[in-house]
Amino acid sequence: MNAPLLALHEVSRHYHTQAGVVRALDRVSLDIAPGETLGLVGESGCGKSTVARVAMRLTDVDEGEVRLDGEDIATAHGRALQAGRPRVQMVFQDPAGSLNPRATIGQTLEAPLIVHRRGNAGDRQSRVANMLRGVRLHPDMASRHPHELSGGQRQRVDIARALMLDPALIVCDEAVSALDVSVRAQVLNLLLDLRETLGIAYLFISHDLAVVRHMSDRIAVMYLGQVVELGPRDAVWHHTLHPYTRALMAAAPSARPANRRLPRVVMEGELPSPLDPPSGCRFHTRCAQATYLCRSSEPALRLHGADHWVRCHLA
Ligand code: ADP
Ligand code: MG
C-alpha cells in the first residue's frame, strides 16, 4: 500500500463533562492512502464525528499521533498547520448550517480562494463556474442564496466548496444521511465520479452500513470509542470477524450480502454509556458469545490475514 495520506495512531480523545469523562476515542488507529476511501461505521455516539474533528484538526487529541503526509499535525502549530489545512476539507451532514445564508453561492465558493490568495478576481470567477459544473450545477447558481436551493443542490454546493482548494482528502460526515433516497444516490455517484477524476481520498462516515459498503475500499467499524474491525471492504463483508459487525449487518437487511445467510445475531441490551464503558471487551454486555475472558480482559486489535484487523478474543 502507498504511504498513508492521513494516519491516526493510538489516538485518544476524552471529553471532561459534569457527568464524568466521556471516552469518545480510545486508542484509535487507522489510516487512509492517497485516493482511497475509508468507510467509518458504527452506532450514534461511538466516536465517528470525533474522528472527523481530529482529522480536520478541529479538536486536540489527548494522546496519540495524527499524521498528514507523514507530518505530525497533532502538534504542528502556526504556519505549518495553516499550510496543511487546505489538504483536508469536510462535507457536512446539513449544508443549510454550513453555508452562510446571507452570502451568494458564488461568494461562498470564492471565499477560500480569497483567504488563500489564489488567483485574481477573473480566475476566481471562472474557477467558481467550473466547480459548479463539476458538481453538475448550472454556473448561474453562483448568484443564488442557499434558501433558493433544494437539499440536494445545497449538498452539491457544499461539495464544490470543499473542492475549491484542491484537497487531497475530504471528510464526509453523514454527508448524505439527510437526503431523500433518490437524491442520495445521485450525490453518492457524484462523490464516486469526483474520486475517479480528481483522485481524492475520502473518510466516509455513516451510520448506514449499505452506504458505507457502496463507497468504501476499506471499512472501519467502531464501537464505544474503539475500532473493533478494520479491513478491505470484501473481507469485512464476506469474512466478518467481529460479532458487532455481524450484528450491524443483521440489523440492516438492505446491506446484507444477498447470497449469504447470516446467523441471526441479536444485539442484547442497550448501548452502554461511554461515561462508563464495560470492562474487558466493550461489546461483551451485548454479545451472545461472550465468555469469562471477554468480561475480564480487553482484547487487542489483532491482525488476521494480510490486512484485516479485529478486536475480539473469539475471532
Ligand atoms: P458519533 O459521531 O459516532 O455519533 P461523536 O464522536 O459525536 O459520535 O461522539 C462520541 C461521544 O462523545 C458521544 O458520547 C458524545 O456524546 C461525546 N461527545 C462528543 N462531543 C462532545 C463534547 N464536545 N463534549 C462532551 N462530550 C462529547
Ligand atoms: Mg456524528
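**Entry 1: Basis**

I worked with a predicted model, in which local features need pLDDT of at least 70, side-chain atom pairs count only at pLDDT 80 or more, and totals for chains, interfaces and linings use all residues. Residues are numbered from 1 along each chain as its sequence is written, chains are lettered from A and ligands numbered from 1 in the order in which they are written, and side-chain values use heavy atoms, with hydrogens and water left out.

**Entry 2: Ligand 1**

I first looked up the shell around ligand 1, where a residue is near if one of its heavy atoms lies within 4 Å of the molecule. I found 14 residues around ligand 1, and the closest are Gly45, Gly47, Lys48, Ser49 and Thr50. I sorted the shell into five nonpolar, six polar and three charged residues. In this sorting Ala, Val, Leu, Ile, Met, Phe, Trp, Tyr, Cys and Pro count as nonpolar, Asp, Glu, Lys and Arg as charged, and the others, Gly among them, as polar.

I then looked for polar contacts, which here are pairs of N or O atoms within 3.5 Å. An oxygen atom of ligand 1 lies 2.6 Å from a side-chain N or O atom of Thr50. I noted an oxygen atom of the ligand at 3.1 Å from a polar backbone atom of Gly47. A nitrogen atom of ligand 1 is 3.4 Å from an N or O atom in the side chain of Arg53.

On its own, ligand 1 has 560 Å² of accessible area (Shrake-Rupley method, 1.4 Å probe), and the protein covers 65% of this. I recorded β1 (6–17), β2 (20–32) and α1 (48–55) as the elements that give two or more residues to the shell. Helices (H or I, at least four residues) and strands (E, at least two) are DSSP runs, numbered from the N terminus. The most comes from α1, with four residues.

**Entry 3: The four-stranded sheet**

I next traced an open sheet of four antiparallel strands in the order β2-β1-β4-β5. Two strands pair if DSSP finds at least two bridges between them. At the edges I found β2 and β5 (71–72), each pairing on one side only.

Antiparallel β1 and β2 are joined by nine bridges, and a hairpin of two residues connects them. Within this pair I located His14 with Arg23 as its bridge partner, and Ala7 opposite Asp31. β1 also runs antiparallel to β4, with five bridges; there Leu8 is partnered by Val66.

**Entry 4: The eight-stranded sheet**

I followed a mixed open sheet of eight strands in the order β6-β7-β8-β3-β9-β10-β12-β11. β6 (88–91) and β11 (302–304) each have a single partner strand, so one side of each is left without a neighbour in the sheet. Direction ignored, neighbouring strands are turned by 20 degrees against each other on average.

I saw that β11 pairs antiparallel with β12 (residues 308–310) over three bridges, and that Arg302 has Val310 as its bridge partner.

I finally looked up helix α7 (residues 181–198), which packs on this sheet and touches β3 (37–41), β7 (169–173) and β8 (201–206), at about 160 degrees to β8. Contact here means heavy atoms within 4.5 Å. Axes are lines fitted to C-alpha atoms, for helices over the stretch in contact, and angles run from 0 to 180 degrees between N-to-C directions.

Notes
Polar contact = N/O pair within 3.5 Å; in protein donor to acceptor, adjacent residues only side chain to side chain.
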